[in-house]
Amino acid sequence: MMGNAISGVPRWAVRAAYAVPLLTLPSGLWRIALAAGLPVASEPVRTGWGVAYVLVLTAVTEGLALLTLGLVQPWGEVVPRWIPLVGGRAVRPLAAAAAALAGACLLFALSLLVGFVQGGNLADGALTDTRAQSVLLVVCYTPLLAWAPLLTVSAIAYYRRRTAPTAVQDRGLEGR
């Protein structure tokens, strides 16, 4: 079992949840390289705001990916006590699963949109100058295509596990 995963979570669901942050990492590293001025694209990020945007986008992306771990760890069932106002309360399975599935739908839509828009830019060399830059870009961004399906199956496994009659009785969460 990986990390602090809850016992009873299927091994495949744990692996799917842990894969998500790892799959987002290459694109984040590519963006950091871009912000650092490394020759990974045809145009470097030149302004302070551009660098800030790229770094914030990377941090937000990785943070959202890490939230997938809540679907297999204890903090996805009970909010950690250190969080103001809601700490110690049970996480409602429908709320967590609905948020995850909404995120997965958004990711599917973004994948299609970016695929159509940026796919043409990649083909005509608008984003990169060299073959090596193009290959690096594809290698770093292709793993993101697995984020939505992995989040979807993780969310479904979470909801099924949390709403199964024995799971509700075992945790004493009836009526919450």
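**View 1. Helix H1 meets helix H4.** The axes of helix H1 (residues 11-35) and helix H4 (residues 131-141) come within 7 Å of each other and cross at roughly 140°. H1 and H4 are therefore oblique to each other; angles under 35 degrees count as roughly parallel, over 145 as roughly antiparallel, 65 to 115 as roughly perpendicular and the rest as oblique. Axes here are lines fitted to C-alpha atoms, for helices over the stretch in contact, with angles running from 0 to 180 degrees between N-to-C directions. On the H1 side, Pro26, Ser27, Trp30 and Arg31 make the contact, and on the H4 side Leu136, Leu137, Cys140 and Tyr141 (contact means heavy atoms within 4.5 Å). By class, six of these residues are nonpolar, one is polar and one is charged; Ala, Val, Leu, Ile, Met, Phe, Trp, Tyr, Cys and Pro count as nonpolar, Asp, Glu, Lys and Arg as charged, and the others, Gly among them, as polar.

A note before moving on: this is a predicted model, in which local features need pLDDT of at least 70 and side-chain atom pairs count only at pLDDT 80 or more, while totals for chains, interfaces and linings use all residues. Residues are numbered from 1 along each chain as its sequence is written, and side-chain values use heavy atoms, with hydrogens and water left out.

**View 2. Helix H1 beside helix H2.** Here the axes of H1 and H2 come within 9 Å and cross at roughly 175°, so the two helices are roughly antiparallel. From H1, the contact takes in Val20, Pro21, Thr24, Leu25, Gly28, Arg31, Ile32 and Ala35; H2 brings Val51, Val54, Leu55, Leu57, Thr58, Thr61, Glu62, Ala65 and Leu66. Sorted by class, the residues of this contact are 11 nonpolar, four polar and two charged.

View 3. Beyond its neighbours within four places in sequence, Leu69 touches Ala17, Tyr18, Pro21 and Trp75. The C-alpha atoms of Leu69 and Ala19 are 9.3 Å apart, although 50 residues separate the two along the chain. Leu85 belongs to the loop too, but Leu85 is exposed, at 80% relative accessible area. Look also at the backbone of Leu85, where phi is near 70°, a positive value in a residue other than glycine. Most residues other than glycine have a negative phi. Ala90, in the loop between helix H2 (48-67) and helix H3 (93-123), is partly exposed at 24%. Its C-alpha lies 8.6 Å from that of Gly76, 14 residues away in sequence.

View 4. Cys105 is exposed, with a relative accessible area of 53%, whereas Cys140 is buried at 11%. The structure holds zero disulfides, a disulfide being a pair of cysteine sulfur atoms within 2.5 Å.

**View 5. The chain as a whole.** Of the 176 residues, 34% count as buried. Among contacts with a separation of 6 or more, 68% join residues 24 or more positions apart.

Key:
Buried < 20%, exposed > 50% of the residue type's maximum accessible area, 1.4 Å probe, protein only. Helix = DSSP H or I, 4+ residues; strand = E, 2+ residues; numbered from the N terminus.
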